[in-house]
Amino acid sequence: MGEVQRVKLKNPMIVVTDMDKSVEFYKKTLGLHVIMDFGANKTLTGGLALQTAETYENFIDSGKIAFGGNNFEIYFEEDDFDKFLSRLAECGVEYVHPVKEHSWGQRVVRFYDPDRHIIEVGENLKVVCRRFLDDGMTPEQVAQRMDVPMKLVKACIR
């Protein structure tokens, strides 16, 4: 059997029921903006693409699009997590769960977009690492606490 050719991931794309509402949601909550506009498909900063449900139904030759499956999320990181949380609180989002801290020390929040796609925003891992170092932990303790390679911790020290 021959070698499999590697393909390149270009953009994650989600299906939306109301393009204008979704564009406004991503602008208001995450600060994303439209960088390419093809009408029924829009690409936002960061590479997230939105496709209208009507056109996507034709693409897949099926009228069956399911929303709110809780089996997929779009992940973002934020350097100033507390500032982001303050801004998010003003957006009236429906939370999947309140802010929680994972075992490796990263704080995250998950919420739904208008079509019930899960959005996760977490603290930038380098910020988490820096927080532990600033609290007096040794680099070795940080690597163990976060369960990350020393290479990541050393990058945070620079």
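This is a short tour of a predicted model, stop by stop. Residues are numbered from 1 along each chain as its sequence is written. Local features need pLDDT of at least 70 and side-chain atom pairs pLDDT 80 or more, while totals for chains, interfaces and linings use all residues; side-chain values use heavy atoms, without hydrogens and water.

**Helix H4**

Select residues 125–134, which form helix H4 (helices are DSSP runs of H or I, at least four residues; strands are runs of E, at least two; both are numbered from the N terminus). Val 128, Cys 129, Phe 132 and Leu 133 are buried here (under 20% relative accessible area; exposed is over 50%, partly exposed in between; 1.4 Å probe, protein chains only). They cover an arc of only 135 degrees around the axis, so they lie on the same side of H4 (the arc is taken from the directions from the helix axis to the C-beta atoms).

Now show Asn 124, which caps the N-terminal end of H4: a side-chain oxygen is 2.7 Å from the backbone nitrogen of Lys 126. Just after H4, Gly 136 has a positive phi of about 100 degrees.

**Helix H2**

Select residues 53–59, helix H2, and show Tyr 56 and Phe 59, three residues apart, about one turn of the helix. Their ring centres are 6.2 Å apart and their planes stand at 80 degrees, so the pair is edge-to-face (rings of Phe, Tyr and Trp, its six-membered ring, pair with centres within 6.5 Å; planes under 30 degrees apart are stacked, over 60 edge-to-face, the rest tilted). Tyr 56 is partly exposed, at 25% relative accessible area, whereas Phe 59 is exposed, at 55%.

**Ring cluster**

Finally, select Phe 25, Tyr 26 and Phe 111, which ring pairs link into a cluster.

How values were computed. Polar contact = N/O pair within 3.5 Å; in protein donor to acceptor, adjacent residues only side chain to side chain.
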